[in-house]
Amino acid sequence: MENALARNIEALQQRRAADERRSSAADRIAETITRFTGSMPFVVLHVVVFGLWTLINTGLLPVLPRWDASFVILGTSASVEAIFLSTFVLISQNRMAAAADKRADLDLHIGLLAEHEVTKLVTLVSAITDHLGIATEADAEVGELKQDVSPNLVLDTIAETQPGRT
């Protein structure tokens, strides 16, 4: 079990590294900016910049002449920054959503394969118990368990029983 676990972890790490190498320069730049803007150094930088801007332009820190007494430049700069930062965050979220979709597809595929394998095992064990003439409490359910589950049937049933979900 440990070998399979280590092999799976290694495969996942290699896949993530390969996906990272294949990402575009724009995606890597957006990810780097998003990572920095979601950090405490970014918060500290803003506290310092906005704090100094405010102190200087209110006259409380007369180290430089006032250049934005009405704070219009500061407000405009903050608004433009917010537009760009939200765009970078959306780019990163789109990448994360695409990766999550890939993982969900993989999970579904593995689940379907496991279900198919279990169905085959139930069929085999049922044949063995029938051949040996062994009766079990599960005999009543074995017929249903021997049938492969159709993913489309499951999705259709979910859609019918949960309005608003497709």
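Reply: Let us start with accessibility: a residue is buried under 20% relative accessible area, exposed over 50% and partly exposed in between, using a 1.4 Å probe and protein chains only. This is a predicted model, in which local features need pLDDT of at least 70, side-chain atom pairs count only at pLDDT 80 or more, and totals for chains, interfaces and linings use all residues. Residues are numbered from 1 along each chain as its sequence is written, and side-chain values use heavy atoms, with hydrogens and water left out.

Me: What makes Phe 42 buried?

Reply: The relative accessible area of Phe 42 is 13%, which is under 20%, and therefore Phe 42 is buried.

Me: Why is the pair of Trp 53 and Trp 67 called edge-to-face?

Reply: Rings of Phe, Tyr and Trp (its six-membered ring) pair if their centres lie within 6.5 Å, and planes under 30 degrees apart count as stacked, over 60 as edge-to-face and the rest as tilted. The ring centres of Trp 53 and Trp 67 are 5.2 Å apart and their planes stand at 70°, so the pair is edge-to-face.

Me: How do you know that Trp 53 is buried and that Trp 67 is partly exposed?

Reply: Trp 53 has a relative accessible area of 16%, under the 20% limit, so Trp 53 is buried. For Trp 67 the value is 38%, which falls between 20% and 50%, so Trp 67 is partly exposed.
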